[in-house]
Amino acid sequence: MPFDILPPLPLLTVTLIRFVLVTSVSLHILLTKRNTSSAIGWIGICVLMPALGTVLYLMFGINRVRRLAKKLVSGRSAHRFQATQNSSWNRELDGQFAPLALMVSKLTSRPLVGGNCISCLHDGDGAYPHMLSAIDQAEKSILLCSYIFRNDNVGGDFMEKLVAARKRGVEVRVLVDGIGSGYFFSGVYWRLKKAGVPCARFMHSMLPWRMPFLNLRNHRKILVVDGKVGFMGGLNIANENLLALKPRHPVSDTHFKLEGPIVRQLSEAMAWDWYFATQEVLTGDIYFQEHTANGESVARIVTAGPDTDLEKIEYTMLQAITLARKQVRLMTPYFLPGSRLMSELALAALRGVQVDVIIPLTSNHPPIDWACAANISPLLDAGVRVWRVKPPFNHSKLMVVDRAWSCVGSSNLDIRSLRLNFEINLEIYDITLAGVLDDFMTRHRNVRLTHHDLDKRNYLIKVRDAAARLGMPYL
């Protein structure tokens, strides 16, 4: 029956329902959405399509992750797993980066700790032997979190070591992402579960009303053995990262081995992720150890995600760029930053800081490359130098300011990574290590991107790139 000839009562009922839906959703949006554009967009959708818009908002517009995190935080007081850091290792800084250290202390509620040894490892060829050896030598506990953990030769090597450790009495906990390690079928998850190794899939569900969790991924890569030695960075567990195998699509990467008091913060981050996914509390000396000095690096873990850590890695980077006097160097596999980071990089270049952004010649996600080409022109206008790395595809995530402060870890420089993903980075105050990382990035400045490169794209390519840019928050 056409809408205009409905009987008066049904028409009035429909009108009231539309009014209630639009009003209720709009009030919720006004009270909870910080981003003005997002708020206007959701209200517009609900006004134009009250019923469908309400359903879409309930599924995709509400940050249930933050609500769940707050619930878990309030409910864990009786059995807190976060151990107290030995205050003798806490550090306060003077000089150029003192404001940064103070800000991040307040932002993260984690202390800056000294006495650490932080070693840089390149590719699976350099990192996997150290990681597998540590698992082999485990006596008490193993905590492992990976975004991609493939059921291939490399993954099989790790699973064999984990199963063997479990059989000899080591407490093993493995957390894999519900998307990155297989959404419909995760071979690693089922193999480990069958072997008796406690394994969980982060935010995985086949239920339709939990589908928005597809956008929320645990992108962290963490390995902690006996609470004494840790590994973190950008390296996944897969054949493609072992360049000696000459895989079809090789991925180069950078990972870090941590020894010293900082390992405790890494254990705490992993323990929170495990609790978030399983509600199992990890406590005791087998996971959290007191440490002696192992080196000279001063460092701190910085986590970010759509829970209680929203945008903390981005804020850390923004403050570091603000304090830069001579040089900012960034290396990332995907470069689609939001307006704040774009503006800060441009302002640094305009005030005379040498800003280098190093990205792959081609990544493993073409739409991200397209969007990047449409988004990067303002940085070139401001004098930022953009360099492209020749194959193999480099997946490293590195940032160095004035060859003195470094930020490394799992976070890419794109909106998805900085806002939607669960990420973990490490800020490091160590001139020697900063120099090593800075030199590494300098060696990978292969081809400079210019305005001419962007201008010579034909019209259809420019349209494609501009269209891809619209999907920046989700690429």
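In the predicted model, three cavities of 30 Å³ or more are found. The general idea behind such a search is simple: rolling a probe the size of a water molecule over the atoms shows where empty space is left. The largest cavity holds about 60 Å³ of space. Its lining is formed by M317, L330, M331, T332, K397, L398, M399, C407, S411, L413 and N425. Two elements, β10 (327-331) and β15 (398-401), each give two or more residues to this lining. By class, the lining of the largest cavity comprises seven nonpolar residues, three polar residues and one charged residue.

The residues lining the second largest cavity are M131, L144, C145, S146, K221, I222, L223, F231, L235, I237 and H255. Here the elements supplying two or more residues are β2 and β5 (222-225), and β2 provides the largest share, with three residues. Eight of the lining residues of the second largest cavity are nonpolar, two are polar and one is charged.

The second largest pocket was also examined. About 650 Å³ of space lies within the second largest pocket. A total of 36 residues line the second largest pocket, and those closest to its centre are Y334, N364, H365, F393 and H395. At least two lining residues come from each of α12 (366-375), β14 (393-394) and α14 (415-420). The lining of the second largest pocket is made up of 15 nonpolar, 13 polar and eight charged residues.

Attention then turned to Y147, which is placed in the loop between β2 (141-146) and α7 (153-167). Y147 is classed as buried because its relative accessibility, 13%, is under the 20% limit. Although Y147 and H219 are 72 residues apart along the chain, their C-alpha atoms are separated by 4.9 Å. When residues up to four places away in sequence are not counted, Y147 touches D177, G180, S181, R217, N218, H219, R220, K221 and N236. With one of these residues, R217, the side chain of Y147 makes a polar contact, side chain to side chain, at 3.4 Å. K221, which Y147 touches, is also part of the lining of the second largest cavity.

Cysteines were considered last. A disulfide is a covalent bond between the sulfur atoms of two cysteines. The structure holds zero disulfides. C407, which belongs to the lining of the largest cavity, is buried, with a relative accessible area of 4%. C120, by contrast, counts as partly exposed, because its relative accessibility is 22%.

Key. Residues are numbered from 1 along each chain as its sequence is written. This is a predicted model: local features need pLDDT of at least 70, side-chain atom pairs count only at pLDDT 80 or more; totals for chains, interfaces and linings use all residues. Side-chain values use heavy atoms; hydrogens and water are left out. On a 1 Å grid over the protein atoms alone, a cavity is a set of points where a 1.4 Å probe fits but cannot get out, and a pocket is an open set with protein on both sides within 12 Å along at least five of seven lines; lining residues have an atom within 4 Å of a point. Grid points are joined across faces, edges and corners, and a volume is the space filled by probe spheres set on the points. Helices (H or I, at least four residues) and strands (E, at least two) are DSSP runs, numbered from the N terminus. Ala, Val, Leu, Ile, Met, Phe, Trp, Tyr, Cys and Pro count as nonpolar, Asp, Glu, Lys and Arg as charged, and the others, Gly among them, as polar. Buried means under 20% relative accessible area, exposed over 50%, partly exposed in between (1.4 Å probe, protein chains only). Contact means heavy atoms within 4.5 Å. A polar contact is a pair of N or O atoms within 3.5 Å; within protein, one must be able to donate a hydrogen and the other to accept it, and residues adjacent in sequence count only if both atoms are side-chain atoms. A disulfide is a pair of cysteine sulfur atoms within 2.5 Å.
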